[in-house]
Amino acid sequence: MDVAAWLRGLGLQQYEQAFRDNAIDAEVLPELTDADLEKLGMLLGHRKRFRKAVVGLGPSSSHTHASTDDIAAQSRTREPIVERRQLTVMFVDLDGAGDASGSRGSA
């Protein structure tokens with residue numbers, strides 16, 4: 001994938017040189033964190049646009065470990081999984097259990 005053309009398609013062509021200077025290619029794109037993009041001088045709105053576009057690229061076969069930013073973004077977009085389990089509660093009153101008569105209290 002041509003990263004420069006991809007950036008131009010997003011309207012982020014002003015960052016082509018920074019990506020080239022920092023040897024950022026298609027393999028590295030999914031690993032870039034928000035802090036990395038900020039170091040490259042990318043504005044906040046542009047970082048948001050970039051992150052959405054990277055998620056749209058899908059998983060790459062050479063990229064096996066998601067960055068923490070990727071995991072956080074995915075967890076925000078996924079529906080929460082609701083799990084219901086049956087719970088049984090039992091209460092046993094052991095007061096007076098040692099009493100041979102089994103009666104409560106004393107006379």
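Buried means under 20% relative accessible area, exposed over 50%, and partly exposed in between (1.4 Å probe, protein chains only). This is a predicted model, where local features need pLDDT of at least 70, side-chain atom pairs count only at pLDDT 80 or more, and totals for chains, interfaces and linings use all residues. Residues are numbered from 1 along each chain as its sequence is written, and side-chain values use heavy atoms, leaving out hydrogens and water.

**View 1. Met90 belongs to a nonpolar surface patch.** Met90 counts as exposed, because its relative accessibility is 72%. Its place is in the segment after helix H5 (68-77). Helices here are DSSP runs (H or I, at least four residues), numbered from the N terminus. Met90, Val92 and Leu94 together make a patch of about 370 Å². Patch residues have over 30% relative accessible area and no salt bridge; like charges are joined within 9 Å, nonpolar side chains (Val, Leu, Ile, Met, Phe, Trp, Tyr) within 5 Å. Accessible areas come from the Shrake-Rupley method with a 1.4 Å probe; for residues, only the protein chains shown count as cover.

**View 2. Helix H1 (residues 3-10) has buried residues.** Val3, Ala4, Trp6, Leu7 and Leu10 are buried. They lie on the same side of H1, because they cover an arc of only 160° around the axis. The arc is taken from the directions from the helix axis to the C-beta atoms. Their cover includes helix H2 (16-21) and helix H4 (44-57). Leu10 touches Arg49 and Ala53, not counting residues up to four places away in sequence. Touching, or contact, means heavy atoms within 4.5 Å. After H1 comes Gly11, with a positive phi near 80°.

**View 3. Arg8, Glu16 and Arg20 form a network of salt bridges.** A salt bridge is a side-chain nitrogen of Lys or Arg within 4 Å of a carboxyl oxygen of Asp or Glu. Glu16 meets Arg8 at 3.1 Å, N to O. For Glu16 and Arg20, the closest N and O atoms are 3.6 Å apart. Both Glu16 and Arg20 lie in helix H2, 4 residues apart, about one turn of the helix. Glu16 is buried, at 14%. Arg8 is partly exposed, at 42%.

**View 4. Asp34 and Arg47 form a salt bridge.** Their closest N and O atoms are 3.1 Å apart. The pair links distant parts of the chain: Asp34 sits in helix H3 (residues 34-39), Arg47 in helix H4, 13 residues apart. Asp34 is partly exposed, at 30% relative accessibility. Arg47 is buried, with 9%.

Conventions
Helix = DSSP H or I, 4+ residues; strand = E, 2+ residues; numbered from the N terminus.
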